[in-house]
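Colleague: I am new to this structure. Please take me through one part of it, the contact between the two chains as seen from one side, and then what lies around it.

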Amino acid sequence: MLHHCIAAENRKLRGSPIWVVFFLLPLLSAAYGTFNFLQNQGVLRFNWYNLWTQHTLFYALFFFSPLVGLYAAYLWRLEHLGHNWNLIMSQPVPPLYLFMAKLAVVFKMALLTQGWMLTLYLLSGRLWAKLPGLPPAEVFLWALRGALAAAPVIALQLLLAMLIRSFAVPILIALGCGLAGVVLSSRGLGLVWPYSLMIAGMNSNKTEDALAGSEFSFVLSCLVFLAVFLLAADCLLRKQDVKA
Amino acid sequence: MNVIETSGLCKQFGSHFAVDHVAMAVPEGCVYGFIGPNGAGKSTTMKMLLGLCHPTAGHVQLLGKAMNDQNRLALLRQTGSLIENPSCYGHLTAEENLQIVADLKGVDKKDIDRVLDIVHLQKDRRRKVGQYSLGMRQRLGIAMALLGGPRLLILDEPTNGLDPAGIQEMRALIAGMPRECGTSVLISSHLLSELEQIIDQVGIINRGRLLFQGPLTELQKHSRGDVVLRLLHPEQGAAVLQRSGLTVRREQQDLLLPPLRDARLAELVQALAAAGAGVVGVTVRSCTLEEIFLNLTESGVSAQ
């Protein structure tokens, strides 16, 4: 039944303007990161590690949360705008599956975004910065950890976009919470704030592994946040009256 | 068997009862017209039937089973609905919209052709729904509701925004549902006249209260209107009638009496003649269904 819901969500993305944003935002982030890397050669070493820190600093801090926030807001906007709440909630599927299908689709888009970000990192390192050699293998692991950290953020953004009918407000919240994540990360509280998990997972702005020794706590934190947001969504969808 | 049955169904918003102890019974194989002015509680009742809105009190049974968390999915699988406005994804074509609903219902894609045929949208199936007129969207909404051949259709004002030809077409489509598809239909409207040609059963709701429920023929019995008396001496006649405890109104030379049973009317005519009022004519006016509806909704008197 869940795969039927995911198929339905995937159909809704056909011809959607969201793909333009998917393409452009990581491009902007990569351009900004590479430019920053090249302009700060006095402080940064000329290697793949430092290019990664500059890329993911902007990507994880400023771009990723609003980007998944935008994906989430778009999917719920389709329901808010077309009076579609009555339609989806009167279908013979558990309400949580509708939410989980959106989660799966936004997660898929987040994975594609991670892949696109990684491609841009490799291309800008090789073609723009003209870095010698190959990037360290760890960056692939960090990108994967970033994808895992994306799951609770996506669930929370979907929850916000489900409750807030405005398209822009949940995205602005994502931006604000992402910035708050920087402060909390710097105080060592990165694992208790969902928006900080991305920074920790992606190893943003650090050349040594920020999660060394605390990988288990990181995974646990991701899973606990995800479970809490899914439970909240289930409860709200079941208990609240539908307003189309 | 009743395909829909509610008992003591209530929905309260603050101190206001949007639906007030509604006991509705929709027999299988019928088209049930759920009639009431705007804001009467029709949509809220229908939303409670589908589990979209939680009752403050009371119970809902669909197809013989209680509408609860346990039975919800099984019941929705056999129910098609169109509530409030037609829902759609404007950036997608009609076919893609139907595919989404087919995915959610777990219905074979072949059924899309069938429902597009029924609502006459085959020609426009690959047009984006954003470019559709309201009438076309209504028809698409009906097509979505018909996917999977449901046993019960719940349609909330599906004729809204349709032109007269569209209304006629929709009526023909719905009237044939029980016979051709074995589907029972609950359809709402704020105009009785719009549905009286196609419904067998009727429920009239106002201010959240069900004022009348039963066969349309039963409602038509309430169509007996005022009695008009033409007398040679109306003043004399009025005095006789008032002594009998009746409220008499004057309309030029005529006296108007409220609806009366035949036996009572015969007695009164005899009394008038005996008193020398000079009975020249007795006419019984009949109400249109629309007038009955207005009488019921304005007075709030239950005719159940």
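Modeller: Between them, chain B and chain A bury about 2,700 Å², and 56% of that is on carbon and sulfur atoms. Buried area here is the accessible area, taken with a 1.4 Å probe, that two parts lose on being put together, summed over both. On the side of chain B, the residues that lose the most area to chain A are L52(B), Y89(B) and L104(B), which together make up 25% of what that side buries.

The model is a predicted one: local features need pLDDT of at least 70, side-chain atom pairs count only at pLDDT 80 or more, and totals for chains, interfaces and linings use all residues. Side-chain values use heavy atoms, with hydrogens and water left out, residues are numbered from 1 along each chain as its sequence is written, and chains are lettered from A and ligands numbered from 1 in the order in which they are written.

Counted by contact (heavy atoms within 4.5 Å), chain B gives 30 residues and chain A gives 32 residues. There are three salt bridges between chain B and chain A, a salt bridge being a side-chain nitrogen of Lys or Arg within 4 Å of a carboxyl oxygen of Asp or Glu. One salt bridge joins K11(B) to D241(A), with 2.6 Å between the closest N and O atoms.

Helices (H or I, at least four residues) and strands (E, at least two) are DSSP runs, numbered from the N terminus. The largest share of that side, seven residues, comes from α3(B). By class, the side of chain B that touches chain A has 13 nonpolar, seven polar and 10 charged residues. Ala, Val, Leu, Ile, Met, Phe, Trp, Tyr, Cys and Pro count as nonpolar, Asp, Glu, Lys and Arg as charged, and the others, Gly among them, as polar.

K11(B), named above for its salt bridge, falls within the residue range of strand β1 (residues 2-13) of chain B. Strand β1(B) runs antiparallel to strand β5 (residues 57-62) of chain B, and five bridges join them; strands pair if DSSP finds at least two bridges between them. E5(B) has Q61(B) in β5(B) as its bridge partner. Q61(B) also stands opposite A66(B) in β6(B). β5(B) pairs with strand β6 (residues 65-66) of chain B in the antiparallel sense, over two bridges. Two residues lie between the strands of this hairpin, where L63(B) takes a positive phi near 50 degrees.
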